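Here is a short briefing to read alongside the model. Please keep the sequence and the 3D view open as you go.

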Amino acid sequence: MAEFDINLLMGHTVLVVEDEPDSLEVAVLLLELVGVNVVTATNGQEGLEQARKHRPLFIISDLSMPVMNGWEMIHQLKNDRTLMDIPAVALTAHAMVADRNRALAAGFHNYLTKPLRPTTFVNELLNLIIDTPEIAKLVEMNG
C-alpha cells in the first residue's frame with residue numbers, strides 16, 4: 001500500500017453531507033483535528049449548494065437523507081459541468097458488497113461505512129484516498 005502523509009489534507013476543504021448529528025459531529029471533529037477545513041450540509045440539496053460555493057477537494061456524503069438523498073445528489077453532481085470533477089465518497093450504514101457496487105455504479109468514487117469510529121475513521125479515510133486515484137491525485141497536486 002502506498003504511503004500517504006496525513007498533512008497533505010491540511011488546509012484543504014472537504015464537504016461532509018450527513019443528516020445524522022452524531023455522525024456529522026464525529027466526521028467534522030476528526031477532519032478538523034488533521035487540519036481539514038470542513039464544510040457541512042444536512043441533505044443533498046444543501047450539499048450541492050455548498051459544493052458550488054466552496055469547491056471542496058472531495059465530498060463525503062450519506063446516502064439516506066431527507067429533502068434530497070445521496071443518490072440524487074451524486075446524479076446531479078455528475079450531470080453538472082461545474083461540479084462533475086469533484087470526487088465523492090458514499091457514507092452509509094449499509095455494508096453489503098451490493099451496496100458498495102451500487103454506490104460506485106452511481107458515480108461515487110469510494111465508500112465508507114457507518115458508524116464512524118473515532119479510533120479508525122482517519123485511517124479508513126487515508127486508505128480510501130490511497131485507493132481512489134482521482135482523490136489521491138487531487139490531494140498530491142494541491143498539496
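The notes below go from the whole protein to single elements and residues.

This is a predicted model, in which local features need pLDDT of at least 70 and side-chain atom pairs count only at pLDDT 80 or more, while totals for chains, interfaces and linings use all residues. Residues are numbered from 1 along each chain as its sequence is written, and side-chain values use heavy atoms, with hydrogens and water left out.

**The protein as a whole**

- The protein has 6 helices and 5 strands; helices (H or I, at least four residues) and strands (E, at least two) are DSSP runs, numbered from the N terminus.
- Read from the N terminus, the order of elements is β-α-β-α-β-α-β-α-β-α-α.
- Of the 143 residues in the protein, 46% are buried; buried means under 20% relative accessible area, exposed means over 50%, and partly exposed lies in between (1.4 Å probe, protein chains only).
- Taking contacts between residues at least 6 apart in sequence, 63% join residues at least 24 apart; a contact means heavy atoms within 4.5 Å.
- The protein exposes about 7,200 Å², and carbon and sulfur atoms supply 52% of this area; accessible areas come from the Shrake-Rupley method with a 1.4 Å probe, and for residues only the protein chains shown count as cover.

**Strands S1 and S2 and the crossover**

- Strand S1 (residues 13–17) and strand S2 (residues 37–41) run parallel and are joined by 5 bridges; two strands pair if DSSP finds at least two bridges between them.
- The chain passes from S1 through H1 to S2 in a right-handed β-α-β crossover; right-handed means that, with the strands pointing away from the viewer, the path from the first strand over the helix to the second runs clockwise.
- Within this pair of strands, Thr 13 stands opposite Asn 37 in S2.

**Helix H1**

- With 13 residues at 1.5 Å a residue, H1 should span 18 Å, and its end C-alpha atoms are 18 Å apart, so the two values agree; the expected span is 1.5 Å times one less than the number of residues.
- At the start of H1, a side-chain oxygen of Glu 20 comes to within 3.2 Å of the backbone nitrogen of Asp 22. For polar contacts, the pair must be N or O atoms within 3.5 Å; within protein, one must be able to donate a hydrogen and the other to accept it, and residues adjacent in sequence count only if both atoms are side-chain atoms.
- Which residues of H1 are buried? They are Ser 23, Leu 24, Ala 27, Val 28, Leu 30 and Leu 31.
- The cover over these buried residues of H1 includes S1, S2, strand S3 (58–62) and helix H5 (121–131).
- Ser 23 lies in H1 (residues 21–33) and counts as buried because its relative accessibility is 10%.
- Leaving out residues up to four places away in sequence, Ser 23 touches Glu 18, Lys 114 and Leu 116.
- After H1 comes Gly 35, with a positive phi near 85°.

- Asn 43 sits in the loop between S2 and helix H2 (44–54), and its 7% relative accessibility is why Asn 43 counts as buried.
- A polar atom of the Asn 43 side chain lies 2.9 Å from the backbone nitrogen of Gln 45, and for the backbone nitrogen of Glu 46 the distance to a polar atom of that side chain is 2.9 Å.
- Not counting residues up to four places away in sequence, Asn 43 touches Val 17, Met 65, Pro 66, Val 67 and Met 68.

**Val 89 in strand S4**

- Val 89 is part of strand S4 (residues 88–92) and counts as buried because its relative accessibility is 0%.
- Val 89 and Asn 110 are 21 residues apart in sequence, yet 4.9 Å apart in space, C-alpha to C-alpha.
- Beyond its neighbours within four places in sequence, Val 89 has contacts that include Phe 58, Ile 60, Tyr 111, Leu 128 and Ile 135.

**Backbone features in the loops**

- Lys 114 and Pro 115 are joined by a cis peptide bond with omega about 5°, and Pro 115 lies in the loop between strand S5 (110–113) and H5.
- Arg 55, in the loop between H2 and S3, is a residue other than glycine with a positive phi, near 45°.
- Arg 55 is partly exposed, because its relative accessible area is 39%.
- Val 67, in the loop between S3 and helix H3 (70–78), is a residue other than glycine with a positive phi, near 70°.
- Is Val 67 buried or exposed? Val 67 counts as exposed, because its relative accessibility is 69%.
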